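Here is a briefing on one protein chain. Look over the sequence and the model, then read the notes by topic.

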Amino acid sequence: METFGYVITTATNSHKLVKVKHERTDGVKWRTLIGVCCLLGWLQCLGLVEAQVPGFGQCPKVPVVDNFDTYAYLGRWYEQEKYPFFFELGGRCITADYTLNPDGTIGVLNRQKNSLTGNENSISGSARIVQSAKLAVKFPSAPFNVEAPYWVIGTDYKTFAVVYACSDLRGLISAKVAWILTRKRHPDIETMKKAYAVLDSAKISRAYLTRTDQKNCEEVKKVPKIFKSTTIKG
């Protein structure tokens with residue numbers, strides 16, 4: 001307000017006024033930067049701890065699988081490619097096992113091996129059906145124990161699946177992540193082409209995809225898919 005509230009006539013004061021204007025501009029830049037950082041932190045608290053590709057604006061409208069068959073989707077999947085993902089940094093031999101819990105929710109068990117130490121680790125969680133192929137996943141032992149979106153945007157259930165997640169804060173800033181999963185640890189090129197086609201059709205960039213190392217991995221015993229007489233919970 002002081003900058004535009006009066007007119008300075010002397011050369012010395014005019015020079016001082018210009019200096020003050022520059023300081024105010026720098027202050028605005030710093031406040032903007034701090035605000036963006038706070039928004040990113042807020043997004044993490046809202047369940048975006050998994051989403052590692054930030055952007056401005058609201059999440060795009062991405063179509064999901066019609067008539068999603070949850071039972072057919074259960075079982076083991078091998079991660080082939082993904083957007084950069086904090087909790088998987090340095091991870092290899094990454095797998096995801098989906099089972100049906102007695103309470104009707106979907107059990108989630110993610111495993112990986114640390115490429116530096118060789119140690120194996122895992123994290124367990126659960127998912128519920130929000131709508132069709134839109135699920136919400138939660139990992140109680142994660143630093144932020146909140147639900148995160150998990151949308152299946154393409155799958156044939158037998159060879160590949162493409163998963164996408166995006167959340168935004170009032171349309172101001174967003175964060176997204178994508179995975180390509182396959183039923184085989186080492187899929188053929190045709191399987192990967194089908195997955196790429198899904199991403200291209202949904203206009204989801206492949207530029208951020210990184211390949212998961214699945215070489216020289218030990219096969220872990222698979223867990224049962226379904227508890228008898230259990231109904232999937234939405």
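Which pattern does the chain follow, read along the sequence? The order is α-α-β-α-β-β-β-β-β-β-β-β-α-β. That comes to four helices and ten strands, where helices (H or I, at least four residues) and strands (E, at least two) are DSSP runs numbered from the N terminus. The model is predicted: local features need pLDDT of at least 70, side-chain atom pairs count only at pLDDT 80 or more, and totals for chains, interfaces and linings use all residues. Residues are numbered from 1 along each chain as its sequence is written, and side-chain values use heavy atoms, with hydrogens and water left out.

**Confidence**

- The chain averages a pLDDT of 78 (the predictor's confidence in each residue, from 0 to 100). Of the residues, 70% score at least 70.
- Among the elements, helix H2 (residues 11-48) has the lowest mean pLDDT, 41. Helix H4 (residues 189-201) has the highest, 98.
- Residues 1-26 stay under 50 in pLDDT. The model gives them eight contacts (heavy atoms within 4.5 Å) beyond four places in sequence.
- Residues 28-51 are also below 50. This stretch has 33 contacts beyond near neighbours in sequence.

**Burial and core**

- Of the 234 residues in the chain, 43% are buried. Buried means under 20% relative accessible area, exposed over 50%, and partly exposed in between (1.4 Å probe, protein chains only).
- Among contacts between residues at least 6 apart in sequence, 60% join residues at least 24 apart.
- The largest nonpolar core has 47 residues. Such a core is a set of buried Ala, Val, Leu, Ile, Met, Phe, Trp, Tyr and Cys residues joined through side-chain atoms within 4.5 Å.
- Phe68, Tyr73, Tyr98, Tyr150, Ile153, Leu181 and Ile204 have the most contacts inside this core.
- Elements that each supply at least two core residues include strand S3 (91-100), strand S7 (148-155) and H4. Strand S8 (160-169) is also one of them. The largest share, seven residues, comes from S8.
- Tyr150 touches, among others, Tyr73, Tyr98, Val163 and Leu181, not counting residues up to four places away in sequence.

**Disulfides**

- The chain has two disulfides (pairs of cysteine sulfur atoms within 2.5 Å).
- Cys59 and Cys166 form one, with sulfur atoms 2.1 Å apart. The link is left-handed, at -85° about the S-S bond.
- Cys59 lies in the loop between strand S1 (53-56) and helix H3 (70-73), and Cys166 in strand S8, so the pair ties together parts 107 residues apart in sequence. Both Cys59 and Cys166 are buried.
- Cys93 is joined to Cys217, S to S 2.0 Å. This link is left-handed, at -80° about the S-S bond.
- Cys93 sits in strand S3 and Cys217 in the segment after strand S10 (210-211), 124 residues apart.
- Cys93 is buried at a relative accessible area of 10%, and Cys217 is buried at 17%.
- With the bonded cysteines numbered in sequence order, the pairing is 1-3, 2-4.

**Second largest pocket**

- The second largest pocket is lined by 13 residues. Gln80, His186, Pro187, Arg211 and Thr212 lie nearest its centre.
- A pocket is an open set of points on a 1 Å grid over the protein atoms alone, where a 1.4 Å probe fits, with protein on both sides within 12 Å along at least five of seven lines; lining residues have an atom within 4 Å of a point.
- Strand S2 (75-82) and H4 each supply at least two lining residues. H4 gives the largest share, three residues.
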